[in-house]
Amino acid sequence: MNPARAVPSVRSAERLAIFSSCCGFPAEVVLTDSAVVILFAGMLGAGDMLSLLTTSFLPFLNGLCMIPMAYLVMRSGHRTFILRVLVLSSAMYFFAASAPWFGRAGIVVLTGSIILFSLGVTGFVSGWYPMLDTFLTGESRTLFFSRMRFWHQLASVAFLLISGVQLGAEPPVWKLQLVLFAAALLFCGRGICIARIPVFPEREPERTGFREGLLRAVGNKGLTGFSLYLFMLNISTFGTVPLTMLYLKKGLNVPDDIVVFLSAASLTGMLFGYLG
């Protein structure tokens, strides 16, 4: 066996990858897909439309920029690229949390920070899976991803529940800032863990042109069918949770901590899907 792929090294890499996900994913949820960012944007003067848009930047940029980002990953190497974009995303997270200090420009700072944060996270995702391929085997992938997603989902639920307890029914803006700053610090743990993952020999990728690769993907009936299913599922349900959070706050005048608790509850159901 290649010493670089010894079992202890692989297990260490898997643990660090899971730890990195437990740091990064909860912070992503807080800033791009939770009641916290909707409440925060509202306190800065954002209208209902802009408050909802803050939850759409990440999936939009994922779809728009994933392929160009993958090209950049191939040019610069996945580890180098991941760490660079995580520095960008971490800096933007702190800027987003600092938005109230910019006065009337606060909502502009928040919106711009979330957009740049989302762009960095898109770059991270483009390099994350190629990096995992350097130490995951076909036999270990299913169990690894089940564990990783279970634990980072559990971490997200726990973070939101604790945040709801700390915020209270009518929190001032500085309390929401504290939640965001705590999440920003947690997000920095993603890069720290990834930097400590052992370096494994990269597997030589199969070189194909864009046109050839696209035709191959389209010709894969199982892939295209599943992609169409995900497209229809996401387009019909993705905005349901943010819209519900906004309705609870603006339409039913539900206290802010309860809105955050319900935001956590919306993530809880996914936990059970990863137990298998």
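Asparagine 253 is found in the loop that links helix H11 (240-250) to helix H12 (256-273). Helices here are DSSP runs of H or I with at least four residues, strands are runs of E with at least two, and both are numbered from the N terminus. The structure is a predicted model, in which local features need pLDDT of at least 70 and side-chain atom pairs count only at pLDDT 80 or more, while totals for chains, interfaces and linings use all residues. Residues are numbered from 1 along each chain as its sequence is written, and side-chain values use heavy atoms, with hydrogens and water left out.

Asparagine 253 has a positive phi of about 55°, although it is not a glycine. Most residues other than glycine have a negative phi. Asparagine 253 is exposed, at a relative accessible area of 62%. Exposed means over 50% relative accessible area, buried means under 20%, and partly exposed lies in between (1.4 Å probe, protein chains only).

The chain holds twelve helices and zero strands. Its radius of gyration is 20 Å, close to the 19 Å that the globule rule gives for 276 residues, so the chain is as compact as a globular protein of that length. The radius is taken over C-alpha atoms, and the rule is 2.2 Å times the number of residues to the power 0.38. Along its principal axes, the C-alpha trace spans about 60 × 40 × 40 Å.

Of the 276 residues, 42% count as buried. Contacts are defined by heavy atoms within 4.5 Å. Among contacts between residues at least 6 apart in sequence, 83% join residues at least 24 apart. The chain exposes about 14,500 Å², of which carbon and sulfur atoms supply 68%. Accessible areas come from the Shrake-Rupley method with a 1.4 Å probe; for residues, only the protein chains shown count as cover.

Threonine 54 lies in the loop between helix H3 (48-53) and helix H4 (57-76). Threonine 54 is buried, with a relative accessible area of 0%. A polar atom of its side chain lies 2.5 Å from the backbone oxygen of serine 51. Beyond residues up to four places away in sequence, threonine 54 touches Leu31, Thr32, Val37, Ala41 and Ile114. Threonine 54 and aspartate 33 are 21 residues apart in sequence, yet 7.9 Å apart in space, C-alpha to C-alpha.

Serine 20 sits in helix H1 (residues 7-32). Serine 20 also counts as buried, at 0% relative accessibility. Its contacts, not counting residues up to four places away in sequence, are Trp128, Arg190, Cys193 and Ile194.

Alanine 169 is placed in the loop between helix H7 (141-167) and helix H8 (173-196). Alanine 169 is partly exposed, with a relative accessible area of 39%. Leaving aside neighbours within four places in sequence, alanine 169 is in contact with Pro255, Asp256 and Asp257. Alanine 169 and valine 259 are 90 residues apart in sequence and 9.2 Å apart in space, C-alpha to C-alpha.

Terms used:
A polar contact is a pair of N or O atoms within 3.5 Å; within protein, one must be able to donate a hydrogen and the other to accept it, and residues adjacent in sequence count only if both atoms are side-chain atoms.
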